[in-house]
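Please read these notes with the structure open beside them.

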Amino acid sequence: MTDPRINDEGWIGVDLDGTLAYYDGFKGDDVVGEPIEPMVRQVRKWLADGRDVRIFTARSPHPAIRKFCKDNLGKILPITNLKDHNMQALYDDRAVGIKRNEGIPFDDDNVEQVFGEEDDEENEDD
Ligand SMILES: [Mg+2]
């Protein structure tokens with residue numbers, strides 16, 4: 001998972017629910033899902049490389065998120081819901097990657113994952 005936009009400055013935003021932690025519906029501020037290993041491995045690698053990684057979430061910064069970080073990432077990461085000019089990349093299960101200055105997505109599969117498959121008449125048999 002190499003991202004050419006990432007360099008040694010700035011920070012990487014990583015969503016919690018559905019990206020770092022398994023999510024199948026909100027169950028309370030104190031409940032964080034099981035770690036999702038590929039993303040957890042990637043974040044651990046970034047941290048080992050000295051990158052500034054932050055949890056980017058709409059949740060309030062509940063202690064359960066800090067515990068998740070400590071248990072799974074080896075350290076407590078900053079928690080934010082704010083984007084700024086130093087955010088280099090955002091990893092998020094709801095994000096749709098858009099080609100810069102073109103306004104079109106990189107990948108239709110990503111749009112489908114976020115919005116669900118488009119209904120067509122062939123699938124409407126009930
Ligand atoms: Mg999410």
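1. Strand E1 (residues 11–14) pairs with E4 in the parallel sense, over four bridges. Gly13 has Leu90 in E4 opposite. Strands count as paired if DSSP finds at least two bridges between them. Helices (H or I, at least four residues) and strands (E, at least two) are DSSP runs numbered from the N terminus.

2. The model is predicted: local features need pLDDT of at least 70 and side-chain atom pairs count only at pLDDT 80 or more, while totals for chains, interfaces and linings use all residues. Residue numbers start from 1 along each chain as its sequence is written.

3. The four strands form an open sheet in the order E3-E2-E1-E4, with parallel pairing. Strand E3 (79–80) and strand E4 (87–91) are the edge strands, each pairing on one side only.

4. Helix H2 (residues 63–73) has Ile65, Phe68 and Cys69 buried (20 or more other C-beta atoms within 10 Å of the residue's own; exposed means 12 or fewer, partly exposed in between; C-beta atoms are placed from the backbone). Seen down the axis of H2, the buried residues fall within an arc of 100 degrees, so they line one face of the helix; the arc is that of the directions from the helix axis to the C-beta atoms. On the other side of H2, Pro63, Lys70 and Asp71 are exposed.

5. H2 is followed by Gly74, which has a positive phi, near 85 degrees. After H1 (residues 37–48) comes Gly50, also with a positive phi, near 85 degrees.

Notes:
Expected span 1.5 Å × (residues − 1).
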